[in-house]
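The following note sets out points for a reader who meets this structure for the first time. Please read the points beside the sequence and the model.

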Amino acid sequence: MNKVIIITGPSGVGKGTIEKELFKFKELKLALSCSMTTRKKRANEVEGVHYYFSNNEEFSRKIENDEFLEYSSHFGNYYGTLKSEVDQHILKGFDVIVEVDTVGAINIINKFNDENKSDKLISIFITPPNLEVLEERIRTRNSESDDSIKQRLKKAKKEIKQTSNFKFIIINNNLADSVNKIIKAIKGESYELQDKY
């Protein structure tokens with residue numbers, strides 16, 4: 001069975017940028033799981049590429065039908081990883097990157113542990129060098145209000161305290177270095193254990 005690769009970390013830490021670099025390495029045979037959300041679509045986002053956009057009613061139906069590998073609610077919206085999305089990539093022979101928030105990531109880790117499938121999971125937590133750098137990255141996106149940025153930074157502090165739940169912890173200070181460490185993690189090569197935070 002192919003592996004599920006969790007990539008998580010605070011909003012604005014650079015997860016998307018790292019993933020774009022990883023997909024340049026075709027020999028890794030990676031696929032990205034597209035999550036479902038009830039939040040509004042941003043101008044630059046594409047249905048089925050960035051997210052599957054849903055309403056609360058549809059999302060609730062899928063929860064009732066046990067269609068999610070994990071789901072959570074934050075900032076007033078639901079986010080979830082569809083089991084069918086992950087399964088279809090695995091059936092095609094891909095390792096599947098699942099980018100989720102920390103709560104969702106820990107839920108997946110617990111589920112895999114409960115089902116004795118932890119050997120099929122690679123859990124990676126990406127942290128910023130410090131919160132000042134994170135704030136600067138979020139502000140550069142120009143997609144958040146001041147209140148939203150404060151909320152995200154408050155959430156980031158809580159998330160960073162959860163790093164002990166993850167096998168690999170990477171401080172994203174240098175893109176090429178971070179990507180190289182994740183490639184080694186995917187291939188099962190050690191990169192001197194974990195970064196210290």
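1. Asp66 counts as partly exposed because its relative accessibility is 48%, where buried means under 20% relative accessible area, exposed over 50% and partly exposed in between (1.4 Å probe, protein chains only). Asp66 sits in the loop between α2 (56–64) and β5 (68–74); helices (H or I, at least four residues) and strands (E, at least two) are DSSP runs, numbered from the N terminus. Its phi is near 55°, a positive value in a residue other than glycine.

2. On the basis of the note: this is a predicted model, in which local features need pLDDT of at least 70 and side-chain atom pairs count only at pLDDT 80 or more, while totals for chains, interfaces and linings use all residues. Residues are numbered from 1 along each chain as its sequence is written, and side-chain values use heavy atoms, with hydrogens and water left out.

3. Lys29 also calls for attention, with a positive phi of about 50° although it is not a glycine. Most residues other than glycine have a negative phi. Lys29 is located in the loop between α1 (15–22) and β2 (30–32), and at 40% relative accessibility it counts as partly exposed.

4. Eight salt bridges are present in the structure, each being a side-chain nitrogen of Lys or Arg within 4 Å of a carboxyl oxygen of Asp or Glu. One of them joins Glu45 to Arg39, with the closest N and O atoms 2.6 Å apart. Glu45 is buried at 9% relative accessibility, and Arg39 is buried with a relative accessible area of 10%.

5. A further salt bridge pairs Lys155 with Asp101, the closest N and O atoms being 3.8 Å apart. This pair links distant parts of the chain, 54 residues apart: Lys155 is in helix α6, and Asp101 is in the loop between β7 (95–99) and α4 (102–114). Asp101 is buried, its relative accessible area being 12%.

6. Within helix α7 (residues 175–186), Lys181 and Asp177 lie four residues apart, about one turn of the helix. Their side chains meet in a salt bridge of 3.4 Å, N to O. Lys181 counts as buried at 15% relative accessibility, whereas Asp177 counts as partly exposed at 36%. Elsewhere, salt bridges that share partners join Asp101, Lys155 and Glu159 into one network.

7. How many aromatic pairs does the count come to? The count is seven, with rings of Phe, Tyr and Trp (its six-membered ring) pairing if their centres lie within 6.5 Å; planes under 30 degrees apart count as stacked, over 60 as edge-to-face and the rest as tilted. The rings of Phe68 and Tyr71 form a tilted pair because their centres are 6.0 Å apart and their planes stand at 50°. Phe68 is buried at 4% relative accessibility, whereas Tyr71 is partly exposed at 37%. Ring pairs link Phe59, Phe68, Tyr71 and Tyr78 into a cluster.

8. Phe53 belongs to strand β4 (residues 52–53) and is buried, with a relative accessible area of 17%. Phe53 and Lys41 are twelve residues apart along the chain, and their C-alpha atoms are separated by 7.0 Å.
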